[in-house]
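Have the viewer open as you read.

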Amino acid sequence: MKVTFYGQNSLAIEVAGKHIIVDPFITGSDLAKDKVDIKDLKADYIFLTHAHQDHILDAEAIAKNTGAKIVSNAEIASHYESKGFEAHPMNHGGSWNFDFGKVKYVVAHHSSSFPDGSYGGQPGGFVFETEEGNLYIAGDTALTLDMKLIPMRTKLDLAVLPIGDNFTMDVDDAIIASDFIECDKILGCHYDTFGFIKIDHNLAKDKFKMKNKELYLLPIGESIEVK
C-alpha cells in the first residue's frame, strides 16, 4: 500500500490495483495548488471524513474527471447522489468489503457542515484492512477514548492523525492517541495549511521520538509505503 500526502488531510492511496483519494482539498490550498494538478489524479474511490470545505473542495471535480465512487457518511453520500454522482453511504460502527479490502467507519469528535451551512452528518474516520497493510485515517478529531476500540479488532501498520491543534488534536494528544490505537508509525496531517494550525516540525518529531514513536511529516506529493 502506497500513501501519498497532498497537504491538509488530502491523501492518495494505491492498494490492490485501486486508486483512492481521501479528503481532496488541493486547489484551495496555498501549499498544494501549484504542486498538484487534480486533473492528473487517478481515483476509483473518494473517501470523505466530513463535509467541511477543506476536506471536500475538489471531490466533485475529481469524481467528474475519473468516475470515482464517493464514500462517506449517509448524509454526505446522499448529497452527492442528488448531484448525479455514484456514492456509498456508511455510518459509525459499520464496515463494508470493497474490492480492495474492508473499511470500517469509526467515530471522530468534530463538527460537519457543508460550505453553505447545511448539515453534513456526523464526522468520522476510516480503518482500512487490506492484504497490503492496515491503515487508520482519523479525520479531524479530538483525542477520544473510542480510539481504544480500534486495536481490539485491527492491528494497524500506519495511522494518519491530525496534529495542528486549535481545530483538532495537537501533537501531545496525537501521541496519546497513538498509544490508544497501539500504532507507533504516524503520518501527521491537518497542519500548516492555515495560520491557526502552523506547527514546529522539529519539535513535533522530537516529541514522538522521545516516546519511541515515529512521526512522518511528508512534503507535498511525497509518499510512504505501508508495510
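Is Glu86 buried, exposed or partly exposed? Glu86 comes out as partly exposed, because its relative accessibility is 48%. Keep in mind that this is a predicted model.

1. **Glu86 and its partner.** The side chain of Glu86 forms a salt bridge with Lys69, at 3.4 Å from N to O. Lys69 belongs to strand β5 (residues 69-73) and Glu86 to the loop between α3 and β6, so this pair ties together parts 17 residues apart in sequence. Lys69 is also partly exposed, at 23% relative accessibility.

2. **The other salt bridges.** The structure has 7 salt bridges. One of them joins the side chains of Glu60 and Lys83 at 2.7 Å, N to O. Glu60 sits in helix α2 (residues 59-66) and Lys83 in the loop between α3 (74-81) and β6 (87-90), so parts 23 residues apart in sequence are tied together. Glu60 has a relative accessible area of 23% and is partly exposed; Lys83, at 46%, counts as partly exposed.

3. Lys213 and Asp184 meet through their side chains in a salt bridge of 2.8 Å, N to O. This one links distant parts of the chain: Lys213 is in the loop between α6 and β13 (214-216), and Asp184 is in the loop between α5 and β12, 29 residues apart. Shared partners bring Asp179, Asp184 and Lys213 into one salt-bridge network. Have a look at the accessibilities here: Lys213 is buried, with a relative accessible area of 10%, whereas Asp184 is partly exposed at 39%.

4. **Helix α5.** This helix covers residues 171-181, and its buried residues are Val171, Ala174, Ile175, Ala177, Ser178, Phe180 and Ile181. Among the elements covering them are β10 (133-137), α4 (150-153), β11 (158-162), β12 (185-189) and α6 (201-210). Just past the helix, Glu182 has a positive phi of about 55°.

5. **The nonpolar core.** The largest nonpolar core has 78 residues, and those touching the most other members are Ile13, Ile46, Phe47, Phe128, Tyr136, Leu161 and Ile181. The biggest contribution to this core is from α5, which gives 6 residues.

6. **Aromatic pairs around Phe47.** There are 15 aromatic pairs in the structure. Tyr45 and Phe47 have ring centres 6.3 Å apart and planes at 50°, so they make a tilted pair. Phe47 and Phe100 also have centres 6.3 Å apart, but with planes at 75°, so that pair is edge-to-face. Since Phe47 is in strand β4 (residues 45-47) and Phe100 in the loop between β7 (95-98) and β8 (101-107), the pair ties together parts 53 residues apart in sequence. Phe47 is buried at 0% relative accessible area, and Phe100 is buried at 4%. Ring pairs gather Tyr45, Phe47, Phe98, Phe100, Tyr105, Phe126 and Phe128 into a cluster.

7. **Val3.** Val3 lies in strand β1 (residues 2-5) and is buried, with 0% relative accessible area. Beyond its neighbours within four places in sequence, its contacts include Leu11, Ile13, Leu135, Leu187 and Val226. The C-alpha atoms of Val3 and Val15, which are 12 residues apart along the chain, are 8.9 Å apart.

Terms used. Residues are numbered from 1 along each chain as its sequence is written. This is a predicted model: local features need pLDDT of at least 70, side-chain atom pairs count only at pLDDT 80 or more; totals for chains, interfaces and linings use all residues. Side-chain values use heavy atoms; hydrogens and water are left out. Buried means under 20% relative accessible area, exposed over 50%, partly exposed in between (1.4 Å probe, protein chains only). Helices (H or I, at least four residues) and strands (E, at least two) are DSSP runs, numbered from the N terminus. Contact means heavy atoms within 4.5 Å. Rings of Phe, Tyr and Trp (its six-membered ring) pair if their centres lie within 6.5 Å; planes under 30 degrees apart count as stacked, over 60 as edge-to-face and the rest as tilted. A nonpolar core is a set of buried Ala, Val, Leu, Ile, Met, Phe, Trp, Tyr and Cys residues joined through side-chain atoms within 4.5 Å. A salt bridge is a side-chain nitrogen of Lys or Arg within 4 Å of a carboxyl oxygen of Asp or Glu.
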